[in-house]
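Subject: Structure handover

Hi,

Here is the structure we spoke about. Please open it alongside this email; my notes follow below.

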Amino acid sequence: MGADDEAAREPGAPGALDERDRAVLELEGRSWRTAGAKERAVREELGLSSTRYYQLLNALLDRPEALAHAPVLVNRLRRVRDARRMARQARRGGSGSDG
């Protein structure tokens, strides 16, 4: 076990994923069979609104710690996010500005 492994377990350590961050990634990696099941799980398991959940998830996608923790999931979600961003830009005329 290296120093990075130790730091990842320390709550509040700089660069470490905390329990909530890991729970968000775990929940996002699940498969959902019914409409509304994911939103219900977000509320019941994490105690978050859907809006706050997606804000946290989006921020996690930019963190190297999240990529190290769940590389397949994070890379897939980054691709989806980038595709949606490009589609929005195309609808706006391709100005390159998303704000």
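A residue counts as buried here when its relative accessible area is under 20%. Note that this is a predicted model.

Helix α2 comes first. It spans residues 19-28, and D21, V24, L25, L27 and E28 are buried in it. These residues cover an arc of only 165° around the axis, so they sit on the same side of α2. In general, an α-helix has 3.6 residues a turn, so residues three or four places apart point the same way. The buried residues of α2 pack against α3 (37-46), α4, α5 (64-69) and α6.

At the start of α2, look at D18. One of the side-chain oxygens of D18 comes to within 3.2 Å of the backbone nitrogen of R20.

Next, D21, which lies in helix α2. Its relative accessible area is 8%, so D21 is buried. What does the side chain of D21 make a polar contact with? The partner is the side chain of R63, at 2.9 Å. Setting aside neighbours within four places in sequence, D21 is in contact with A16, L60 and R63.

Last, the α4 and α6 pair. Helix α4 covers residues 50-61 and helix α6 covers residues 71-91. They pack at an angle of about 105°, with axes 10 Å apart. Angles of 65 to 115 degrees count as roughly perpendicular, and α4 and α6 are therefore roughly perpendicular to each other. On α4, the contact is made by L57, N58 and L61; on α6, by V74, L77, R78 and R81. By type, the residues of this contact are four nonpolar, one polar and two charged.

Best wishes

How values were computed: Residues numbered from 1 in each chain as written. Predicted model: local features only at pLDDT ≥ 70, side-chain atom pairs only at ≥ 80, totals over all residues. Heavy atoms only, no water. Axes fitted to C-alpha atoms, helices over the stretch in contact; angles between N-to-C directions. Helix = DSSP H or I, 4+ residues; strand = E, 2+ residues; numbered from the N terminus. Parallel < 35°, antiparallel > 145°, perpendicular 65-115°, else oblique. Contact = heavy atoms within 4.5 Å. Nonpolar A, V, L, I, M, F, W, Y, C, P; charged D, E, K, R; others polar. Buried < 20%, exposed > 50% of the residue type's maximum accessible area, 1.4 Å probe, protein only. Arc of directions from axis to C-beta. Polar contact = N/O pair within 3.5 Å; in protein donor to acceptor, adjacent residues only side chain to side chain.
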